[in-house]
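Biologist: I've got a fold open on my screen and I'm a bit lost. Could you show me how to read what's inside it?

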Amino acid sequence: MRILFDQGTPVPLRRYLTNHAVQTVYEQRWSTMSDGEILTRAETDGFNVFVTTDQNLRFEQNLTGRKVAIVVIKSTAWPKIFGKVSSVVSAIESAKSGSLSEVPI
């Protein structure tokens, strides 16, 4: 599975997704794009899951018809996320095309 981390997603999470190809928005050189542009580009480039900490994404973007699954982690703090890393990994691995799921931290 191809996974794209948004700007605020803690990169250490990558270590727990070893069976997947993980890239960041920064590594893709998409840091200056809007969220809508990033989602469109992620779909075009074959990413399956977009992982973000932007809790307002669903209100700021029209997600209807999106192919990429979106997983929202409800914190940016790695120590807090680390304590629930199995829940985050499970949400990412079970994400279905076009879905939006939130992981409470």
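**Reading the inside of a fold**

Modeller: Let's begin with one side chain: Leu17 touches Ile3, Phe5, Val22, Val89 and Ile92, leaving out residues up to four places away in sequence. Keep in mind that this is a predicted model.

Biologist: Okay, and which residues have the most contacts inside the largest nonpolar core?

Modeller: Those are Ile3, Leu13, Leu17, Val49 and Ile92, in a core of 19 residues. Strand 1 (2-5), strand 3 (49-52), strand 4 (69-73), helix 3 (78-83) and helix 4 (85-93) each give it at least two residues. Helix 4 provides the largest share, with 5 residues. Apart from this core there's another one, of 13 residues, including Val25, Ala42, Ile70 and Val72.

Biologist: Let's stay with helix 4. Which of its residues are buried?

Modeller: Here's the general idea: an α-helix has 3.6 residues a turn, so residues three or four places apart point the same way. Now the case here: Val85, Val88, Val89, Ala91 and Ile92 are the buried ones in helix 4. They sit on the same side of helix 4 because they cover an arc of only 160 degrees around the axis.

Biologist: And what do the buried residues of helix 4 pack against?

Modeller: They pack against strand 1, strand 3, strand 4, helix 3 and strand 5 (100-103).

Biologist: Now the rings. How many aromatic pairs are there?

Modeller: In general, you describe a pair of aromatic rings by the distance of the centres and the angle of the planes. In this model the count is 4 aromatic pairs. Take Tyr16 and Trp78: their pair is tilted, at 6.2 Å centre to centre with 35 degrees between the planes. This pair links distant parts of the chain, since Tyr16 is in the loop between strand 1 and strand 2 (21-24) and Trp78 is in helix 3, 62 residues apart. Tyr16 itself is partly exposed, with a relative accessible area of 34%.

Biologist: What does an edge-to-face pair look like here?

Modeller: Look at Trp30 and Phe47: 6.1 Å centre to centre, with 80 degrees between the planes. Trp30 is in the loop between strand 2 and helix 1 (35-44), while Phe47 is in the loop between helix 1 and strand 3, 17 residues apart. Trp30 counts as buried at 3% relative accessibility, and Phe47 counts as buried at 4%.

Biologist: Which residue lies over the face of Phe47?

Modeller: Arg2 does, at 4.0 Å from the ring centre. One more to find on your screen: Tyr16, Trp78 and Phe82 make up one aromatic cluster.

Notes:
Residues are numbered from 1 along each chain as its sequence is written. This is a predicted model: local features need pLDDT of at least 70, side-chain atom pairs count only at pLDDT 80 or more; totals for chains, interfaces and linings use all residues. Side-chain values use heavy atoms; hydrogens and water are left out. A nonpolar core is a set of buried Ala, Val, Leu, Ile, Met, Phe, Trp, Tyr and Cys residues joined through side-chain atoms within 4.5 Å. Buried means under 20% relative accessible area, exposed over 50%, partly exposed in between (1.4 Å probe, protein chains only). Helices (H or I, at least four residues) and strands (E, at least two) are DSSP runs, numbered from the N terminus. Contact means heavy atoms within 4.5 Å. The arc is that of the directions from the helix axis to the C-beta atoms. Rings of Phe, Tyr and Trp (its six-membered ring) pair if their centres lie within 6.5 Å; planes under 30 degrees apart count as stacked, over 60 as edge-to-face and the rest as tilted. A charge sits over a ring if NZ of Lys or CZ of Arg is within 6 Å of the ring centre and within 35 degrees of the ring normal.
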